[in-house]
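Me: I'd like to take this one apart by asking and answering. Let's have it up on screen first.

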Amino acid sequence: MKFNLQIEQEVKEFDLLVKAMKLSGFNVGLTREDKTLTTLQNSSIHKFFAIITDALNEMGQEFCYTGLKGLNLSVRYTPYIVKEFFWRPIQIAMYEIESTTKLTTIQIDGIADVIIKFFGDKGVLVQFPDRKNKRVKNL
C-alpha cells in the first residue's frame, strides 16, 4: 500500500492502518519513496534547456554534429540538443536514470548545478527557472 503523507485523508488512513497492525502484532516493513517529477518540474527542466539554447545561440555558438558518415555539420543549438548532449549524459552518469520523468527534485538540482557551473566556468551564465519559470537559480 502507498500513502501520500501530504494529503490529510491519506495520513488518517495510514495512522489507522498502523494502529491496527500494531494491535495485531504484525511485523511491518516501511519504505520511503522519493517524489518524482511533477508536470511543473518537467516544464522547468525543458525551460532550462531553452534558456541554455538561447544563451549559446546569442553568443553565436554552434553545435557540431558528426553523425553523418564522417561529415561535420554545424547547427544552431536546440533544446533537444541541450537535453540529449548535455543534460542526459550527466543524468545517466550521476544517477543511472535514463528518463527525466524518473528524477527526484534533489537529482534535478544536482544535474542543474553541474550544468550551471560548467557553463559559468565558460562565461555563459544560465539559471534554472523557479516554480514560476523565472530565472532565479544561479551558481
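This is a predicted model: local features need pLDDT of at least 70, side-chain atom pairs count only at pLDDT 80 or more; totals for chains, interfaces and linings use all residues.

Me: How far does H2 reach from its first C-alpha to its last?

Reply: The expected span of a helix is 1.5 Å times one less than its number of residues. H2 has 20 residues and an expected span of 28 Å; its reach is close to that, at 28 Å.

Me: Which residues of H2 are buried?

Reply: Buried is under 20% relative accessible area, exposed is over 50%, and partly exposed is in between (1.4 Å probe, protein chains only). By that count, the buried residues in H2 are Ser44, Ile45, Phe48, Phe49, Ile51, Ile52, Thr53, Ala55, Leu56 and Asn57.

Me: How many aromatic pairs does the structure hold?

Reply: Rings of Phe, Tyr and Trp (its six-membered ring) pair if their centres lie within 6.5 Å; planes under 30 degrees apart are stacked, over 60 edge-to-face, and the rest tilted. The number of such pairs here is eight.

Me: What is the angle between the ring planes of phenylalanine 48 and phenylalanine 128?

Reply: Their ring centres are 5.0 Å apart. The pair is tilted because the planes are at 55 degrees.

Me: How many residues apart in sequence are the parts that this pair of phenylalanine 48 and phenylalanine 128 ties together?

Reply: Both phenylalanine 48 and phenylalanine 128 are buried. Phenylalanine 48 belongs to helix H2 (residues 39-58) and phenylalanine 128 to strand E3 (residues 128-129), so the separation in sequence is 80 residues.

Me: Phenylalanine 63 and phenylalanine 85 form an aromatic pair too: how far is it centre to centre?

Reply: This one is tilted, with 45 degrees between the planes. Phenylalanine 63 is in strand E1 (residues 63-68) and phenylalanine 85 in helix H3 (residues 79-95), 22 residues apart. Centre to centre, phenylalanine 63 and phenylalanine 85 are at 4.8 Å.

Me: Which residue contacts does threonine 100 have, leaving aside its neighbours within four places in sequence?

Reply: Threonine 100 sits in the loop between H3 and helix H4 (105-121), and it's buried, with a relative accessible area of 5%. Contact means heavy atoms within 4.5 Å. With those sequence neighbours left out, threonine 100 touches Leu37, Asn42, Lys83, Trp87, Arg88 and Gln91.

Me: What is phi of glutamate 96?

Reply: Most residues other than glycine have a negative phi. Glutamate 96 is in the loop between H3 and H4, and is exposed, with a relative accessible area of 74%. Its phi is positive, near 55 degrees.

Me: How far apart are the end C-alpha atoms of H4?

Reply: Among the buried residues of H4 are Ile108, Ile111 and Phe119, and just after this helix glycine 123 takes a positive phi of about 85 degrees. At 1.5 Å a residue, the 17 residues of H4 should span 24 Å, and the distance between the end C-alpha atoms agrees: 24 Å.

Me: What distance separates the C-alpha atoms of arginine 76 and threonine 104?

Reply: Arginine 76 is in the loop between strand E2 (71-75) and H3, and counts as exposed at 54% relative accessibility. Beyond four places in sequence, arginine 76 is in contact with Asn57 and Ile81. Arginine 76 and threonine 104 are 28 residues apart along the chain, and their C-alpha separation is 30 Å.

Me: What about the volume of the largest pocket?

Reply: On a 1 Å grid over the protein atoms alone, a pocket is an open set of points where a 1.4 Å probe fits, with protein on both sides within 12 Å along at least five of seven lines; lining residues have an atom within 4 Å of a point. The largest pocket is lined by 20 residues, with Met1, Lys2, Phe3, Leu30 and Thr31 nearest its centre. Grid points are joined across faces, edges and corners, and a volume is the space filled by probe spheres set on the points. For the largest pocket, that volume is about 790 Å³.

Note on methods:
Residues are numbered from 1 along each chain as its sequence is written. Side-chain values use heavy atoms; hydrogens and water are left out. Helices (H or I, at least four residues) and strands (E, at least two) are DSSP runs, numbered from the N terminus.
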